[in-house]
Amino acid sequence: MSWYVYIARCSDNTLYTGMTDDTEKRFKVHNSGKGAKYTRARLPVTLAYREECQSRGEALSRERKIKRLTHIQKEKMCEEYQKNIDLSKNMGYNEINFNKGDEKMIYTIENDKIKASFSDVGAELVSLINKADGEEYLWQGDAAYWTGHAYNLFPICGRLTEGKYTYKGETYEMNLHGFARKTSIPVTKQEDKKITFTLTSNEDTLKIYPFKFKLDITYSLCRNALTTAFTLKNADDKVMYFAFGGHPGFNVPLGGDGSFEDYYLEFDEEAAPEKLMMSETCYYLGKNEKFDGIDGKVINLKHSLFDNDAVFLYNVPKAVTLKNKVSARTVRVEYPDMQYLGIWHAPKTEAPYVCIEPWYSIPADDGKIDDLENKREMMTLDPKGTYKTKLVFKIS
């Protein structure tokens with residue numbers, strides 16, 4: 001029997017957290033005036049967030065944890081939940097398709113160094129374990145900060161103004177980071193150390209992205225490295241506009257070694273990256289400035305680095321390594337074809353992770369609805385053409 005933790009938005013815009021085994025029935029009770037004392041004085045209430053749990057005990061634990069969060073943290077949970085709901089509507093699915101809980105299919109590959117697991121939703125990497133000591137290196141998700149693990153971004157990176165873009169005079173809608181990350185993508189081939197997920201265009205994708213395509217996402221292991229290979233085929237008779245990006249989050253600290261401030265990002269060589277100027281709502285302002293947060297080839301991590309959300313860098317070397325001052329644990333991210341690098345964790349928090357995000361493209365210009373053919377930094381693929389790129393994660 002499933003239980004649910006929920007957040008209700010009251011008529012005065014305050015938030016109430018509760019738990020139930022029947023969400024619909026519970027909200028009818030709330031709005032009849034027979035629910036919790038708090039909601040009875042603030043009717044009507046609406047569902048702002050819902051999370052499935054496997055038992056009443058788990059639901060009680062999650063309810064207590066969520067109740068301890070700040071209002072801002074709860075609002076961020078509700079915002080992420082609503083984005084998923086909006087995306088599911090755009091794709092013609094209902095909520096359960098994108099919030100599968102235990103319905104997600106999990107696949108695992110491993111060698112003598114690494115054990116990696118993946119979800120069919122977004123073909124997302126959900127676990128990256130160092131088998132030498134069994135430590136998990138990948139962020140495991142927490143609704144208080146960020147529920148993801150390692151999104152695959154396609155066919156856009158970042159936000160679209162008003163969630164819209166135009167193409168050939170028609171207007172389309174697409175949510176943050178494109179639709180691939182929330183779409184169920186089937187496995188088409190699996191071996192001990194290799195697995196391929198294949199996303200093919202269909203009636204639903206064509207409603208929000210008017211191109212026929214086939215995308216293979218292949219993960220493979222070699223020693224201490226996990227490679228993600230993207231192979232995109234344009235099955236259409238017109239030029240295709242697209243972008244790829246990665247959004248992996250890694251635990252900081254790794255294996256519990258040290259504190260967040262003991263960690264830093266190190267490039268292979270000294271760099272002088274430019275920082276993209278972003279609006280408060282995370283759209284591009286059309287100009288860059290010198291990034292002062294680098295010392296030679298090192299960016300020291302501190303929570304305040306993300307007080308204004310993500311840091312987007314241009315003109316960076318093609319690999320970066322997450323290191324720390326107290327142990328030999330590292331994660332190296334290689335992105336040979338990506339020209340931007342984002343660094344992020346939930347802003348104005350002490351989130352125990354960092355996302356290292358190689359992107360080809362960038363968010364929309366502030367206040368401008370993009371025309372896809374003229375959108376900044378988009379890639380093009382000729383009819384019947386094929387494009388390949390990859391990301392590599394090496395752990396130690």
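**Close-up views of strand pairing in a predicted model**

**View 1. An open sheet of 4 strands.** The strand order is β4-β5-β6-β7, and the pairing is antiparallel. Two strands form the edges: β4 (106-110) and β7 (135-136). Each of these edge strands pairs on one side only. The model shown here and in the other views is predicted.

**View 2. The pairing of β5 with β6.** Strand β5 covers residues 114-119, and strand β6 covers residues 124-130. The two pair in the antiparallel sense, over 6 bridges.

**View 3. Strand β13 and its pairing with β12.** Strand β13 spans residues 213-222 and is mostly covered. Of its 10 residues, 7 are buried. Strand β12 (residues 194-200) runs antiparallel to β13, and 7 bridges join them. Thr196 has Thr218 of β13 as its bridge partner.

**View 4. The pairing of β13 with β14.** Strand β14 takes in residues 225-234. It is joined to β13 by 10 bridges, and the two strands run antiparallel. Cys222 stands opposite Ala225, a residue of β14.

**View 5. The hairpin of β13 and β14.** Between the strands of this hairpin lie 2 residues. Arg223 takes a positive phi in the hairpin, near 55°. The pair Cys222 and Ala225, which stand opposite each other, can be picked out here too.

Technical notes: Residues numbered from 1 in each chain as written. Predicted model: local features only at pLDDT ≥ 70, side-chain atom pairs only at ≥ 80, totals over all residues. Heavy atoms only, no water. Pairing = 2+ DSSP bridges. Buried < 20%, exposed > 50% of the residue type's maximum accessible area, 1.4 Å probe, protein only.
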